[in-house]
Structures are given as structure tokens and as C-alpha cells.
Amino acid sequence: MTPVWLIARSVLIEAVRRKEIYAIVLISTLLIGAVMTVDFFNLEGLTKFYREVALQVMSAATGLTVIVLAARQLPREFENRTIYPLLAKPISRLTFLLGKLLGVMLAAAFCYGLFMLVFILGTFYLGGEIPVGLFLQFLYLQMLKMLLLAALSFWLSMVVNLDAAIALGVIFFFASSVMTNAFTLLYPFADPFGQGTITVLNYALPQLALLDLTEKTVHSEFWPPLNLGTMFALTAYAGFYILVFFGAAWYCFRRRPL
Amino acid sequence: MGEKRPIVEAKDLVVEYGKGSRKVRAVDGISFNVTEGECVGFIGANGAGKSTTIKTLMGFLFPVSGTVRMFGEDCGTVESRRRIGYLPEVALYYPFMKARELLELYGGLQGMTKHELRERIPELLNLVGLQGKGEILLRNFSKGMQQRLGIAQAIISHPEALIFDELSSGLDPVGRHDLRRVLLDIKNSGKTIFFSSHELTEVETLCDRVIMIHEGRIVTEAPVSDLMKPLNLFEIVFSMQDGNTLPESVERLGPARDGNQYRLSINDVELYSRVVHELSQAGAAIHSTSSKSRSLEEYFIELVKSSGNEEGAA
């Protein structure tokens, strides 16, 4: 087994054996389940409402899980000194960091897997259908979004303390989801300096809303799956920020005295 | 027989903590070597710079100046760590993992195959006194058990050299005894061992050579046998009978007189033999002889105190 996989597996074992993920999934499931009890929609409306709430809750819950899990990986290793025997083995710090990142992603996939089970069961219970093509694209982009959040959280945990890293990660997660709309609305009313600032922020900060296909998946009758070119562009967009954040995390970590 | 190759080479090593005015020099220009097959003890008081030096050897800290090489490679490189087993001063192991899983992780990172690990792990758990504990979550392990597991992870891949920071930290007397036995076996198999310890009896028992560090500087570096030599103290109680006179050579040594008995202390084994022989020749009645040796610990305490006094005087 490769060192990256071995380290990733240890992160996954932790995520699976700790109770937090199950608690998050359970609470979110209760929230999603409550949606099924509303009776001011017809069945089609209820299915759409369910889909929208379920996907939003899943995205938010998994995003928060990823931020917390990723942000605490390195500080916990330092605090408990578990990093010493690990980095005494013949692995580079980059391998260590990649293993941690893969582990967080496997944990995110595990979390999402549990949510998917709830989502699919709920959808079939309501007699709805799942638009397979669009849904798979939704899942793929969600995973890219989680990877970006994990890389960002790694970097934040290297430059600020754990609490601040989690707080900043959460703020970014929620702010960036509305940033695209906010920029579009504000830009025409801003003065030249404001417009310049918005333009810089528009390109400097990753806009997670671009990676969110929730609305399209909910209203799938109006939206065909995205074409390959768009998917490639979105992958490249996310990939760029993932590399930037992960590169920054590695830069801080590679010569950090332990 | 060829010359033994150096495993650890530190030259003019300087390591500092902190920045600006809060900068602290933890290691101040030390140089030493550890050669193949040697067992070297690294001793010093708290804050002397032992752990800092060892962390630098492992690549966890970076020297301000000087060089450290292991197996001829710059310290901290993947290659230099491939052949080392390391036990940190204090380490907790993942509480959510089982002992077997943890050893699989560390063994796997050392490049061991699943098949090798399946054979090695039960053997290793047995060796460190954790037989039957492989499937227990580490959150249920005591500090001593964690330390035993730490030793197991350090030696899992039969490394050529072992670097232990605070060897028997957290171990009870039985654990220390077991560990000493394990290390003696490893030492006898020709492996190189470099360790820091507060347990100086352990250093006396295991080491060929000792490096003493105080306030970031090496104060003594010598084979254990050399350090122990001047520490031996022999005492002879005797009396002269039938009008025999005290031999001049013995009188010069200034024996203490108590009534008709003399008491003489000598710190050299050859001189001691000669004096006993001369007293016998001179017809003295030797009532008792005893030997007392100062421990390495006593020697170390004196050295540290005298070092402190010198600095005070300066």
C-alpha cells in the first residue's frame, strides 16, 4: 500500500469510528424527514421541495464536516505529538499532507454516501425520479467543492489557530455560496473603486456557487446535464484554487519546525 | 577489519528557537559522531538540548548553522529515515486505532508488505509485552502500554539504527527491565543505538559511550568504561602488629589513624593492589577491604554543578 493511502486510511478510520459524522447525518436526516410532513404542496411540488432541502442540507452538513475535519488534522497531530513517529518514517511532508487530504475526501465521500442513501430512499418514497446524468454531475462538482474546502482548511490551520481556521472556513463556505449573486447585484451600483474591488474579489476568491448544481438538479425537467466543455472548465476552475490552497498549505508546512 | 562507518555525524550544530529578541539557543555548536554498532547514551539535565538535538537529527527542526548527516545523507531526508527506528520523547498514538492497525500503518510506511506485517506484528507485540492486546483500541492503553507500543513501532522494520528520545519514559520497573532486555538483544545483533535518558543506570548498563550535554554544549564525551574508571573508590582498614612499621610508600598516601587502626582510601585499582601487597609484606593485619564506585549519576551531578560554578565564577 502506498504511504498516501495508508495515511488517508487512518483519517478515514478516525472519521468512521468517531460519532460526529453519524450525529450530523442523523440530525440532517431528521431535518430532511420533517420536509416530508408538509402538506401545502401537491406531490410534484413536495418532491421538488424535498429534493431542494435535502440537497442543500447535505451540501451544508458535508461542507461543515469537511471544514472541521480538515482544519483539525494538522493541529491535532502537533498537539498530541502523533506527528513525530509518523514523520520519522520514510515519507516526505508532501506525502503526509496528500494522505491527509485524501483521507478527508474519503471521509467526505463516506458522509455523502450516508446522505445519498437517505436522499434516494426519500425520493423513492415520494415517488419521484432522480435525473441520473445531472445528479452524477452534481455529485462530482460537490466533491470538487469539498476538495477545495479541505485544501483551504489545511492552509488556514497552518496560518491561524484551530478555532480561527474553522470559523474562517465556515464564513468562507457560506459567504462564497452567495458571493456570485451578490457581486452581480452590487456591481452596477458601485463606484469605479467599488467595481474594481468587486472585479478583483470576483477572480481572487473561489465562488463555490459555480460548483453547485442544486437548482438544476431540482428543476431537472428544464435543465439537461452540462456539456463536457463546461464540466472541464468548472474542473479547471476548482482545480486552480485547490492547487493554490494546497500549495500554500504545503509551503507553510514543509519547513515548519515541529 | 575495515573502519566502522559513521551513522550520525553532527558538526558545529546550532539550533535556535523563537524569533528576534525571544530567540533561544538550545544547541550551541555541538559536534559528535556515532559509528556503526555503537550504543551511545546522550545525557543531560532538562533543557540541556537533548531532545532538540534528536529532533534535528530526525529533520523535525532545522539547524541555524552546522551540519547533521545520517547514513551519509542530510538529516530529515526520506532516505536518511528509511534505516532508522525512532521513539519520540512523548507521543500519544491515535486513540481511535487498534494496536495492530497502528503497527500496520507504521510498518506499511516503512515499506513492509502485508505478508511481512502479518508475521511481524504478533512477534513484536510479544516482544514488548503486549501479547493479546493487538485488537484493543489505543484509547484504552495506559501510558506505559503506549510507550511499549512506541518501542514496537520503532523496531518494526528491523532498522539499522535506533534513535530513542527519553528511552524509558513512562515505563514501570518491569517495563524498563523488559526494554533493557530488548535493547541488549538489538545491541548484540550489531545495530547502532543512540538514546537520551534520565535513567543513568540504564546508560551505564547499555552504553559503550556517553555524551553529556549541558546548556546546549557537550561537556563530556567518553566511553562508559573511561568515565567509570576514576570513580572507583577502594578502602582498606588495617593495623600494624608486633612493632612493624608502616611502609613509607603507604605512609605517603596519608592513611587516617584511629587508635591502632588505619583507614586508607584509594581511587586507583593498580595502586590498591600494590598497597595491599606492600602491607602484607610489611606484616600488617588487614581487617577489611571494600570497594565503592560512584554512579554515573553522581558523576553527572558533580559535572553539572561544577559547570554551573564555573559559569558563576566567570
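Glu160(B) forms a salt bridge with Arg5(B), the closest N and O atoms being 3.0 Å apart; the term requires a side-chain nitrogen of Lys or Arg within 4 Å of a carboxyl oxygen of Asp or Glu. Arg5(B) is likewise partly exposed, at 33%.

I note that the model is predicted: local features need pLDDT of at least 70, side-chain atom pairs count only at pLDDT 80 or more, and totals for chains, interfaces and linings use all residues. Side-chain values use heavy atoms, without hydrogens and water, residues are numbered from 1 along each chain as its sequence is written, and chains are lettered from A and ligands numbered from 1 in the order in which they are written.

I then examined Glu166(B) and Lys50(B), whose side chains meet in a salt bridge at 3.9 Å, N to O. Glu166(B) is buried at 7%, and Lys50(B) is buried at 5%.

I turned next to the interface. I found 29 residues of chain A in contact (heavy atoms within 4.5 Å) with 30 residues of chain B. The rule gives 2 salt bridges across this interface. In one salt bridge, Arg17(A) meets Glu101(B) at 2.8 Å, N to O.

Over all chains, I recorded 26 salt bridges in the whole structure.

Technical notes
Buried means under 20% relative accessible area, exposed over 50%, partly exposed in between (1.4 Å probe, protein chains only).
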